[in-house]
Amino acid sequence: MAGEGDDVKLLGAAVSPFAVRVRMTLHLKGVRYEYLEQDLFIKGELLLATNPVLKKVPVLIHAGRPVCESLAIVEYVDEVWAYGASLLPADHYGRAVARFWAAYIDDKLFPAWIGILRAATEEDRAEKLEAALAVVRPLEDALAQCSGGKDFFAGDSVGYLDLALGCNLFWFKALREMFGVTVIDASKTPRLAAWAERFEQTKAGKEAAPPMKRMVEHAGKLRAMWAAAAAATK
């Protein structure tokens, strides 16, 4: 079994929700690691060497071998550092359901809230917010189904699906700070809103939370880049 003495490095970026997901996982499993912050605009040699296909964070390097893609890394960490409670449900069906909703979050929710960030006008932003709220809505029922009425998707403690969704919460707060929008609205999805408050107060959530100032600055760079790209096509 792997232990605390293993050589573990994480290539990430403080503003990346996917890197935050992995950092929270490592905190939960008690894994000691070296964190290497990466520039998302100017890719470094180590990132390109360890993730030559996608060229993006996060990358976990364990004993010299890279593991890419955040959900794959979460499962890898859960299996290699197997002491303590598993992040995935014990039964096959529960694991399949958790993986389905985690994929839904990455494939549907992430691009939905990025759409809010990319919106160039208030009208466009309002439309993107409505689209994001529609994506969030099914997660209210997913929480009820997976949690069995308990505090987290995994039940009494944070698990795989909590991490999958929870890493986005910090950007939801940044969107509210920048544009006054609410992605998880207590009037529309009360169970999910209560879950979000609980998750943010967990030790893993607090320790991995990115600084709001850095997220806002990063958002400004992205919006300027998108605006320049749009202008170039006109």
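Predicted model: local features only at pLDDT ≥ 70, side-chain atom pairs only at ≥ 80, totals over all residues.
Residues are numbered from 1 along each chain as its sequence is written, and side-chain values use heavy atoms, with hydrogens and water left out.

**View 1**
The UniProt record (unreviewed entry) assigns "domain: GST N-terminal" to residues 6–85. That span is 38% helix and 21% strand, with its end C-alpha atoms 20 Å apart. The record (unreviewed entry) places "domain: GST C-terminal" at residues 91–222. Here the chain is 75% helix and 0% strand, and 41 Å separates the end C-alpha atoms. UniProt positions follow the numbering used here, feature names are shortened, and annotations may be inferred rather than shown by experiment. Helices (H or I, at least four residues) and strands (E, at least two) are DSSP runs, numbered from the N terminus.

**View 2. The four-stranded open sheet.**
The strand order is S2-S1-S3-S4, with mixed pairing. Strands S2 (34–37) and S4 (65–68) form the edges, each pairing on one side only. From one strand to the next the twist averages 20 degrees. Two strands count as paired if DSSP finds at least two bridges between them. Strand S1 (residues 8–12) runs antiparallel to strand S3 (residues 59–62), over four bridges. In this pair, Leu-11 stands opposite Val-59. S3 and S4 are also antiparallel, joined by four bridges. Ile-61 faces Pro-66 in S4. The S3 and S4 hairpin has two residues between its strands, and Ala-63 in the turn has a positive phi of about 55 degrees. Helix H3 (residues 70–80) lies across S3 and S4, at about 30 degrees to S3. Contact means heavy atoms within 4.5 Å. Axes are lines fitted to C-alpha atoms, for helices over the stretch in contact, and angles run from 0 to 180 degrees between N-to-C directions.

**View 3. The loop between H2 and S3.**
Lys-55 is not a glycine, yet has a positive phi of about 60 degrees. Pro-58 lies in the loop between helix H2 (45–50) and S3. The peptide bond from Val-57 to Pro-58 is cis, with omega near 0 degrees.

**View 4. The largest pocket.**
This pocket holds about 560 Å³ of space. Its lining has 25 residues, and Ser-16, Pro-17, Phe-18, Leu-40 and Phe-110 lie nearest its centre. Helices H1 (17–29), H3, H4 (92–118) and H10 (212–232) each supply at least two lining residues. H4 gives the most, with five. By class, the lining has 17 nonpolar, three polar and five charged residues. Ala, Val, Leu, Ile, Met, Phe, Trp, Tyr, Cys and Pro count as nonpolar, Asp, Glu, Lys and Arg as charged, and the others, Gly among them, as polar. On a 1 Å grid over the protein atoms alone, a pocket is an open set with protein on both sides within 12 Å along at least five of seven lines, while a cavity is a set of points where a 1.4 Å probe fits but cannot get out; lining residues have an atom within 4 Å of a point.

**View 5. The largest cavity.**
The count is one cavity of 30 Å³ or more. The largest cavity has a volume of about 30 Å³. Leu-133, Val-136, Arg-137, Val-183, Asp-185, Lys-188 and Thr-189 line it. Three of these residues are nonpolar, one is polar and three are charged. Grid points are joined across faces, edges and corners, and a volume is the space filled by probe spheres set on the points.
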